[in-house]
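My entries follow the order in which I went through the structure.

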Amino acid sequence: MPGTRRTGIQTALLTVPLAVGLLGATALPAGAAAATGPRPATSLTCRGAGVDPGARVRHRAAILVDAPLRTVWKLQTDVERWPSWQAPVTSAGRLDHGPLRPGSAFRWTTPVPPNPTPATSLEITSTVTQLRRHACIRWTGPATGEGLHIDGVHVWNFTETRGGVLVSTEETHTGPQVDADVPTATAILHQGLESWLHDLKATAEAERTAEEPA
């Protein structure tokens, strides 16, 4: 906030919202639609379940990806590959095996830069609660670091269109640190989701191009 010293939670969260830690760009990537203004009347859902209705920190965004649905879906659900196309994800591993499905869990980590809190990294454990192949995913779980805790709910929708795949996402955060500064936490979540969408779009479209006949 202008005229104030950044707090520990602001510094930590600047690198890592639950969704993703890459928050360097302030401009929205091309094709991304930011959630601004009043809260949408209805939330994104997967098999009837949505984000936390009581959460004060939330963001919703979408992007059009010019790539086959199978390519977009594979990138998003191949959790162990996330570090190869999302720089802030330093490690990611499944806690089960086989295709991602309801009940699947995965743990991923991302660093926190030097800041007034003791945390130097965050460990995020996500559990898939709902999934419809090539259509939607919903996962929940905590992000924890020393002196920092966030509970998140994240929903993804994938819709084939004439221009490719419309990827829509919505996430909510709760926790003592984010609830203490909702505007800052919301702005950070906004930027994190936009960055994730941008990286997903860029990677999927590059893979589509590589697969096309010469």
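**Ground rules.** I am working with a predicted model, in which local features need pLDDT of at least 70 and side-chain atom pairs count only at pLDDT 80 or more, while totals for chains, interfaces and linings use all residues. Residues are numbered from 1 along each chain as its sequence is written, and side-chain values use heavy atoms, with hydrogens and water left out.

**Fold.** I looked up the secondary structure, taking helices (H or I, at least four residues) and strands (E, at least two) as DSSP runs numbered from the N terminus, and found five helices and eight strands in the protein chain. Along the sequence their order is α-β-β-α-α-β-β-β-β-β-β-α-α. With contact meaning heavy atoms within 4.5 Å, I noted that among contacts between residues at least 6 apart in sequence, 61% join residues at least 24 apart.

The protein chain exposes about 9900 Å², of which carbon and sulfur atoms supply 55%; accessible areas come from the Shrake-Rupley method with a 1.4 Å probe, and for residues only the protein chains shown count as cover. Buried means under 20% relative accessible area, exposed over 50%, and partly exposed in between (1.4 Å probe, protein chains only). Of the 214 residues, 50% count as buried.

**Salt bridges.** I searched the whole structure for a side-chain nitrogen of Lys or Arg within 4 Å of a carboxyl oxygen of Asp or Glu, and seven salt bridges came up. In one of them, Arg 58 pairs with Glu 170, with 3.8 Å between the closest N and O atoms. Because Arg 58 lies in strand β2 (residues 57-65) and Glu 170 in strand β8 (residues 164-174), this pair ties together parts that are 112 residues apart in sequence. Both Arg 58 and Glu 170 are buried.

I then turned to Glu 205 and Lys 201, whose side chains meet in a salt bridge at 2.8 Å, N to O. Both residues lie in helix α5 (residues 182-211), four residues apart, about one turn of the helix, and both are buried. I also noted a network in which salt bridges that share partners join Arg 94, Asp 96 and Arg 101. Within it, Asp 96 and Arg 94 come to 2.8 Å, N to O; Asp 96 is buried at a relative accessible area of 15%, and Arg 94 is buried at 17%.

**Disulfide.** Which cysteines form the disulfide? Taking a disulfide as a pair of cysteine sulfur atoms within 2.5 Å, I found Cys 46 and Cys 136, with their sulfur atoms 2.1 Å apart. This link is right-handed, with 65° about the S-S bond. Cys 46 sits in the loop between β1 (33-34) and β2, and Cys 136 in strand β6 (residues 136-145), so the pair, 90 residues apart, links distant parts of the chain. Cys 46 is buried with a relative accessible area of 1%, and Cys 136 is buried with 3%.

**Cores.** I looked for nonpolar cores, sets of buried Ala, Val, Leu, Ile, Met, Phe, Trp, Tyr and Cys residues joined through side-chain atoms within 4.5 Å. The largest has 39 residues, and those with the most contacts inside it include Val 72, Trp 82, Phe 106 and Trp 196. Its largest share, eight residues, comes from α5. Leaving aside neighbours within four places in sequence, Phe 106 is in contact with residues including Trp 82, Arg 94, Ile 124 and Trp 139. A second, separate core of six residues includes Leu 44, Cys 46, Val 51 and Val 155.
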